[in-house]
Amino acid sequence: MAEGIPVTMELTLLSFALGLALGAILAAARVFGSKPLSVVARSYIEFFRGTPLLVQIFFIYFSLPAIGIKLDAFAASIIAIGLNSASYQAEILRSAIKSIPEEQYLSAESLGMTTVQTYRFIIFPQAIRVATPALVNEFVALIKYTSLASIIGVAELFRRTEYMVSYTFMPEIYLLSAVIYLAICLPTSQFSKMLESRYAIPGYRRALV
Amino acid sequence: MSGELLRISGLRAGYGRIEVLRGIDLRVERGEKIVILGPSGSGKSTLLKCIPYLVRPWSGEIHIDGLQVSPEPNTLRRIRASTGFVFQQYNLFPHMTILRNVALPLELNKEMPRREAEKSALSVLNMLGLGELAGKYPLELSGGQQQRAAIARALAVDPKLLLLDEPTSALDPELRYEVVETLYQVAKQGRSMLIVTHELDFAEAAADRVVFMDEGLIVEEGDAREVLGHPRKERTERFLRRLRSRLNSFPPSN
């Protein structure tokens, strides 16, 4: 069963990374893109948020081979979960950028900064702080969603739990797997809190009160 | 150190369909300090923002030191690098220390290396008595300190013209005092300043000229003491009377 843990982590890390890269592109398309580009990005986001992840995994693993795209179960899972996560991460990034007040742009402009400089030095560094807790949340959610990959046969934590149960006829083992998931998720959330306080904008909380 | 620094002619601007500035003509000489007065909604703040094109004018011309302001990116950068702008709400960058706030424009506009920019930023902060706050972040400071830091940031690039948009309006009375002190200090250095403010004492003591605006037009302008003491236009007089009675209403004058 323990061999399932690294597989679960790999699935999570790779699909999160894919989701972040694609999510950043989608967010950029929505914030900076032309009207048609932004509509395309938005349709993508609505589609992947509006359909079940399980259906997306099945589609990529079972339906794509019909048009000649054949992926092994591991790759199909990463792509399906990554494409799905991209839609959520795109919205997290977009709303973080939008949350930076207009005055910050005006202030940067008044100092003669170019648009690129404004985003690079002023907007993005603040937006990423706003986005971090939600991104870690998404990461924790993915740790759990990767269990869906068991259905198409990826030997991750949950799949291996099922092997164990069928060998031993001890359904209590499901509880053990839940504990393992918990043992992975809790430190991740803790890490997020640490990250947040490390990079928090000094005085920000006080300013809100 | 004389001659024309800023010339505004026929300036019209607004938001959406609402015209806020209805034809402004204004000249500022080098080294001159001008206070702009007027009721809220008279277009003072919009006028100030139009100068470095933070608000895009509808029509009219603005020349700073002979260079016509235009939306062309290079011109715009040069114009903005030669004007300092201080906002009512300070608008410092909260994720950077005060020192970084002041040094960054120097690095980007004057292409100064970081060490040099920070050295020069620190000397401006020291000049305004803010040296000890260099390592602090904006939201750790009081409003008055933030506004003084914002003034330091605007001054760091050694602008030809300093534009201040109601720099004390967002502050409590006891915090206003320290900002006004800083304004006096900056005014003494001979830099050209255009200040929208209701600080009449400051206007009287430090301004060369007062401009009174109402409903998007300049109603009256002239020597500070003259306009404040003996306004020619009735509207100016009424405005000043109201402003003074408001300022003197505590403690209640019996």
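A residue counts as buried if 20 or more other C-beta atoms lie within 10 Å of its own, as exposed if 12 or fewer do, and as partly exposed in between, with C-beta atoms placed from the backbone. By this count, buried residues make up 48% of the 254 residues in chain B. This is a predicted model, in which local features need pLDDT of at least 70, side-chain atom pairs count only at pLDDT 80 or more, and totals for chains, interfaces and linings use all residues. Residues are numbered from 1 along each chain as its sequence is written, while chains are lettered from A and ligands numbered from 1 in the order in which they are written.

**View 1. Chain A, a chain of helices.**
Which elements make up chain A? Chain A has nine helices and zero strands; helices (H or I, at least four residues) and strands (E, at least two) are DSSP runs, numbered from the N terminus. The C-alpha trace of chain A spans about 70 × 45 × 20 Å along its principal axes. Of the 209 residues of chain A, 32% count as buried. Two residues are in contact if their C-beta atoms, placed from the backbone, lie within 7 Å. Among the contacts in chain A with a separation of 6 or more, 73% come from residues 24 or more positions apart.

**View 2. Chain B, with helices and strands.**
Chain B contains nine helices and ten strands. Its radius of gyration (taken over C-alpha atoms) is 18 Å, close to the 18 Å that the globule rule gives for 254 residues, so chain B is as compact as a globular protein of that length. The globule rule is 2.2 Å times the number of residues to the power 0.38. Along its principal axes, the C-alpha trace of chain B spans about 55 × 50 × 40 Å. How confident is the predictor here, on average? Chain B averages a pLDDT of 91, and 96% of the residues score at least 70; pLDDT is the predictor's confidence in each residue, from 0 to 100. Within chain B, confidence is highest in strand β7 (residues 161–165), at a mean of 96, and lowest in helix α9 (residues 234–247), at 87.

**View 3. Where the two chains meet.**
How many residues does each chain bring to the contact? Chain A gives 21 residues and chain B gives 19. On the chain B side, α2 (73–81) and α3 (98–109) each supply at least two residues, and the largest share, four residues, comes from α3(B). This side of chain B has twelve nonpolar, four polar and three charged residues. Here Ala, Val, Leu, Ile, Met, Phe, Trp, Tyr, Cys and Pro count as nonpolar, Asp, Glu, Lys and Arg as charged, and the others, Gly among them, as polar. For the complex, the predictor gives an ipTM of 0.89 and a pTM of 0.87.

**View 4. Helix α5 of chain A and its neighbours.**
In helix α5 (residues 102–110) of chain A, the buried residues are Ser107(A), Ala108(A), Glu109(A) and Ser110(A). What do they pack against? Their partners are α6 (115–145) of chain A together with α2 and β6 (83–86) of chain B. Just after α5(A), look for Gly112(A), which takes a positive phi of about 85°.

**View 5. The nonpolar core.**
A nonpolar core is a set of buried Ala, Val, Leu, Ile, Met, Phe, Trp, Tyr and Cys residues joined through C-beta atoms within 7 Å. The largest one has 115 residues, among which Ile36(B) and Val210(B) touch the most other members. Helix α4 (residues 73–98) of chain A provides the largest share of this core, twelve residues. Leaving out residues up to four places away in sequence, Val210(B) touches several residues, including Val35(B), Leu37(B), Ala203(B) and Leu228(B).

The domain assignment, which is automatic or from a database, gives domain 1 (1–65 + 161–248) and domain 2 (89–159) in chain B. Eleven residues of domain 1 are in contact with eleven residues of domain 2, and α6(B) brings the largest share of the domain 1 side, six residues. Gly144(B) sits in helix α5 (residues 143–156) of chain B. Why does Gly144(B) count as buried? Because Gly144(B) has 22 C-beta neighbours inside 10 Å. Beyond residues up to four places away in sequence, Gly144(B) touches Leu171(B), Leu175(B), Glu178(B) and Val179(B).
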